[in-house]
Amino acid sequence: MGTAASQGGTKRGKEADTAVSHGTSWIDAAWLMLSDVVGTSVLTFGGVAAQLGSVLSCIFIVGLFPVSLYVSVLMSRTRALVVKTADLQRREPPHVETMGEVAAQIFRAPGAGNSVCLMVYGYTLLGNASYLLVMGSALQMIFFRGGMCIYEGVALSCAIALLPVVFTRKLGDSVLLCFANLFLIVGVIVLALGAIAVEGRPPCTESPAFAPGLSLLTALGAATNVIYSYSGQWMYFEIMDTMERPSEFPRAFAVTGPVMVSIYLAVALVAHYLGVDKGDIVEAMPRGPALQAAAVLLFVHVLIVYLIKSVVLQRFCHFALSPADADKRSAVAYAKHGSYGLVMLIFGYLVANAVPFFYQMLGLIGGLLGGPINFLFPIYMYLAAVGRHEQAAQAQRAERGGGDAEGQSAAAPGSGGSWGQEAAAAKTEAAGRWRWEVSSTRAAAQGFRSLSMPEKVAVCLIFVAIGMTMVLGVTEEVKQIVALSGQFGEPFACHALAPRFAASADVLDPASCT
């Protein structure tokens, strides 16, 4: 999400682990995390349960939270290790405000940090494209009697978002906004499941523990949506940077954990019991006022999230392309800021119409980018940070061990005190260069060797599982997109909202169930 995190002050060096006045608390951090993670992805859990069945849905939802927590704790440790390593090497206090900056410190190359920033913000940009698709679908539901096409709904959504995107430069303290926005999505969930429950469970509906015909590809395809729903790690360094005590960041999961798991399980199991087989529980609602009310809440919720992330992306582009006027209030600066936002809206419009299936789009983004960015890369950075810190500590011990001999040599008759000091300084500088010549891969290997056996097993399992979703899960999502395109129309086709009325003459007679 990167809201207040991207716009707060920066803390460097030792300040990164000590109390800083006017920072956010760990409870505030928890609400920031929830507002980003518990969003539109929760609406797809009815489809996840339909593909997996109730047992695997519970296993995936409950099982992925400890993994998310573990990775997030590692990120907190990584931040502290980077600061401590810089202190051991007597370097300038490092910037540790974003994942890209932390990566630059670990890889010891600004280019690596820039590459990570592009990857992370590219992932966010694709997420924003999915938000435009949701807003377009919400407008279709609000005006369901008019037969609005999806490209019309997305275009109207872009037009509504244009002015806020162009003129909003900073969001200030967004904790309260995020808190309120969380309840908007909860309201959508309550309205959707409530309306479906009032309509009644369709005759002949079954809620199997394991979905019939379940295959490994289908399971991994559904897993990509679950991964996306836990993919908030990309912004955690930014949230830590806004905190009064960054070391307390893991405490935030005391709030986020029960809330996330409870909401995800409730949506998956209730929707599964009620026979929801669509990828979006709002789309599964009977057509009527309740659908329109839920769609309005959904549109407002997604518009706020889109605006928050768009400001972060626009500021990133502005600082990267024109840093001199990034914070100015001139007409030229507003024009540049607005042009970045306009380009992002156009990009989002194209992506939303190219993949007009929300469930599959989230799975594609989650499998292809969400897993590696939010799970694999943070683990790798932690292992490399451990290796870097151990190398720095060993070098410092070696320097201290040789200090007395060098001092005695400097004091010996005819040796020259100044020559001894210069030699020691040259040795220290050379040792420092050697330490950073060790590749991050070797540092990560050293960090891996330092782990306990249970942690080694856990890390290996995480890499294998995420790797499988990246390959097999994404393959399944692509297959579904191709099949749906053949059934409902190619990209940029109308894709009007399918008719669904609460009182249908086509409802099966319970007596016909076998």
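**View 1. Helix H6 gives the most to the lining of the largest cavity, with four residues.** This is a predicted model, in which local features need pLDDT of at least 70, side-chain atom pairs count only at pLDDT 80 or more, and totals for chains, interfaces and linings use all residues. Residues are numbered from 1 along each chain as its sequence is written, and side-chain values use heavy atoms, with hydrogens and water left out. Helices (H or I, at least four residues) and strands (E, at least two) are DSSP runs, numbered from the N terminus. A cavity is a set of points, on a 1 Å grid over the protein atoms alone, where a 1.4 Å probe fits but cannot get out; lining residues have an atom within 4 Å of a point. Grid points are joined across faces, edges and corners, and a volume is the space filled by probe spheres set on the points. The structure holds four cavities of 30 Å³ or more, and the largest cavity contains about 190 Å³ of space. It is lined by 17 residues, of which Asp36, Tyr131, Tyr228, Ser231 and Lys309 are the closest to its centre. Helix H2 (26–37), H6 and H12 each supply at least two residues of this lining.

**View 2. The largest pocket has a volume of about 760 Å³.** Its lining counts 27 residues, and those closest to its centre are Gly279, Glu283, Phe357, Leu484 and Phe488. The elements that give two or more residues to this lining are helix H3 (45–52), H6, helix H14 (358–411) and H17. H17 provides the largest share, five residues. A pocket, unlike a cavity, is an open set of points with protein on both sides within 12 Å along at least five of seven lines.

**View 3. Helix H7 carries a kink of about 40 degrees at Ala161.** The kink lies shortly before the proline Pro164; the bend at a residue is the angle between axes fitted to the seven residues ending there and the seven starting there. The expected span of a helix is 1.5 Å times one less than its number of residues. For the 18 residues of H7 (residues 150–167) this gives 26 Å, in agreement with the 26 Å between the end C-alpha atoms. Ile150, Gly153, Val154, Ser157, Cys158, Ala161, Val165 and Val166 are the buried residues of H7, where buried means under 20% relative accessible area, exposed over 50% and partly exposed in between (1.4 Å probe, protein chains only). An α-helix has 3.6 residues a turn, so residues three or four places apart point the same way. The buried residues of H7 pack against helix H6 (110–142), helix H12 (289–321) and helix H13 (331–354), with contact taken as heavy atoms within 4.5 Å.

**View 4. Cys149 and Cys494 form a disulfide.** It is the one disulfide that the structure holds, a disulfide being a pair of cysteine sulfur atoms within 2.5 Å. The two sulfur atoms are 1.9 Å apart. The pair links distant parts of the chain, 345 residues apart: Cys149 is in the loop between H6 and H7, and Cys494 is in the segment after helix H17 (453–488). The torsion about the S-S bond is about -90 degrees, so the disulfide is left-handed. Cys149 is buried, with a relative accessible area of 9%, whereas Cys494 is partly exposed at 28%.

**View 5. Phe492 and His495 lie in the segment after H17.** Most residues other than glycine have a negative phi. Phe492, although not a glycine, has a positive phi of about 70 degrees, and His495, also not a glycine, has a positive phi of about 50 degrees. Phe492 counts as partly exposed at 41% relative accessibility, while His495 counts as buried at 13%.

**View 6. Helix H9 is mostly covered, with 12 of its 14 residues buried.** H9 (residues 216–229) reaches 20 Å from its first C-alpha to its last, close to the 20 Å expected at 1.5 Å a residue. Among its buried residues are Thr218, Leu220, Asn225, Ile227 and Tyr228.

**View 7. Val255 is found in helix H11 (residues 253–273).** Val255 counts as partly exposed, at 21% relative accessibility. Leaving aside neighbours within four places in sequence, Val255 is in contact with Trp26, Ala30 and Leu34. Val255 and Leu34 are 221 residues apart in sequence, and their C-alpha atoms are 8.9 Å apart in space.
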